[in-house]
Amino acid sequence: MLKDQFVCGFHDISHEHYAGASGKHLPDQNAVDTTNGAGPHNIQMFVLAPDGTVLTCLPGYWHSQDLASELAFAQGLNEIWTNPEMSLDQKKAEFSRMQIGHISEEPKGESNRSRMQGFDIQFEAQKRLNRTDVFYNPRMVDPSGKHIPPNLVKTTDVIMHERMAARPFVPYNKFDVAAYADYGKPVYDKHEMYRDANGQLAQGANLSQEPMIGNDPRAHPVETAVKKDARTGISAFLRYGLRAALYH
Amino acid sequence: MKKFGPRLLTSLMAASTLLSLSLPVRAEKVLEGAVCTERVHALTNDIDWYKNLKKAEEAASQQGKLIFWLHILGHIDGAT
C-alpha cells in the first residue's frame with residue numbers, strides 16, 4: 001500500500017525539542033513488538049496532501065493492519081479536502097466529524113491493540129492529572145497512578161482521533177507536533193538488545209551502558225560535557241567573579 | 001531523494017520496532033536481528049524515501065498520491 005499509493009519520506013527528529021529518547025538500535029539488532037501509540041515522542045507518522053496539509057498523524061508505533069486502516073482513512077479525508085463543492089468551514093467541520101466517527105469504524109481489535117502502556121498511564125496520573133486528556137473522568141483517577149481502572153483510560157486510537165479532530169486540515173508547517181504527540185513518558189527503553197529469545201533480560205546485562213538516541217544526555221555525551229563545563233563556569237563567575245570563572 | 005539498502009525499519013510496518021519501552025518486567029517475544037534485517041530490507045528496498053519534504057510534495061502532486069511523512073529518531077538507513 002505504501003509503495004503503490006504514497007510518496008514516502010522521513011525526517012530525523014532526534015534534535016527536535018519535542019523528541020523523546022530511546023535505546024539506540026542498529027538495523028540488524030533485536031526488536032520487540034508493542035502497542036499502538038507507544039512512544040509518541042519518538043515517532044510520528046503523518047499523512048499529508050500534496051500541498052502539505054496534514055490529513056492525519058499517528059503518534060508512536062502502529063500495528064500494520066491498523067496503520068493500513070488509518071492510511072485508507074486519510075485518503076477519505078483527502079477527498080473532502082479536495083472537494084470543490086465544499087467551503088473551507090464545511091470541510092473543517094466534516095474533518096472533525098469523520099475523525100471522531102472513525103473510532104467506531106476501526107478494524108476489529110484495534111482498540112485492544114491501542115491500550116496505553118501502564119507506565120504511561122502512571123506518568124499522566126502522577127505528573128499532569130489536572131490537564132491531561134487521556135482519562136475519561138480525571139476526578140475518578142488515583143493521583144498515585146497505582147489503581148486506575150482500565151475503563152477510565154482512553155485508548156491511544158481515541159486520543160489520536162480526538163486530538164486530530166481539534167486540528168482540521170492544518171498545514172504541516174503550522175502543526176503543533178509537540179502538543180499533539182505529548183502523552184506518556186518521554187523516555188522509552190525496552191532493552192531489546194539485552195533480551196533473550198524468550199524476552200527475558202539476560203543476566204548481567206549492564207543497562208546503564210546502553211547507547212541512547214534522542215533527547216537524553218547519554219545520547220550526546222560531548223555536548224553534555226560542554227554544557228556542564230559552561231554551567232560550572234557561569235556559576236563560578238556569578239559567585240566569585242571573572243578570575244574564578246577562568247580558573248574553574 | 002535516496003534509495004536505501006537494508007536498514008532498520010520503523011515500527012510502521014509492524015516489523016522491527018524502533019521504540020523501546022520502560023518495562024518493570026515483561027517477557028515479550030523478541031524479533032531477532034536476522035528477522036528485523038530481512039523485513040527492513042524488504043521495505044527500504046521497495047520504497048524510495050525522500051528526505052526533503054518539498055521534493056516529496058512535488059512528486060506527490062505529479063503522481064496524484066498522498067505523502068507518508070515519517071518523523072523518527074535517527075535515520076531510516078541507520079541507527080534509530
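Tutor: The account below begins with the helix pair and then turns to the core and to the confidence of the model. The structure is a predicted model, with an ipTM of 0.82 and a pTM of 0.79.

Two packed helices are described by the angle between their axes and the distance between the axes. In chain A, helix α2 covers residues 64-81 and helix α3 covers residues 88-102. Their axes come within 10 Å and cross at roughly 165°. An angle over 145 degrees counts as roughly antiparallel, and α2(A) and α3(A) are therefore roughly antiparallel to each other. The crossing of α2(A) and α3(A) is right-handed. From α2(A), the contact is made by Phe73(A), Leu77(A), Ile80(A) and Trp81(A); α3(A) contributes Lys91(A), Glu94(A), Phe95(A), Met98(A) and His102(A).

The largest nonpolar core has 60 residues. Those touching the most other members are Met45(A), Val47(A), Leu48(A), Leu55(A), Leu66(B), Ile67(B) and Phe68(B). Setting aside residues up to four places away in sequence, Ile67(B) touches Phe6(A), Val7(A), Gly9(A), Leu48(A) and Pro50(A) in chain A, and Ala56(B), Glu57(B) and Ala60(B) in chain B.

Confidence in chain B deserves a separate remark. Its mean pLDDT is 71, and 57% of its residues reach 70 or more. Over residues 2-10 of chain B the pLDDT is below 50, although this stretch has 38 contacts in the model beyond near neighbours in sequence. Residues 14-27 of chain B also stay under 50, with 56 contacts beyond four places in sequence. Where pLDDT is low, the predicted coordinates should not be read in detail.

Note on methods:
Residues numbered from 1 in each chain as written. Chains lettered and ligands numbered in written order. Predicted model: local features only at pLDDT ≥ 70, side-chain atom pairs only at ≥ 80, totals over all residues. Core = buried A, V, L, I, M, F, W, Y, C linked by C-beta atoms within 7 Å. Buried ≥ 20, exposed ≤ 12 C-beta atoms within 10 Å, placed from the backbone. Contact = placed C-beta atoms within 7 Å. pLDDT = per-residue confidence, 0-100. Axes fitted to C-alpha atoms, helices over the stretch in contact; angles between N-to-C directions. Helix = DSSP H or I, 4+ residues; strand = E, 2+ residues; numbered from the N terminus. Parallel < 35°, antiparallel > 145°, perpendicular 65-115°, else oblique. Left-handed = near helix turned anticlockwise from the far one by under 90°.
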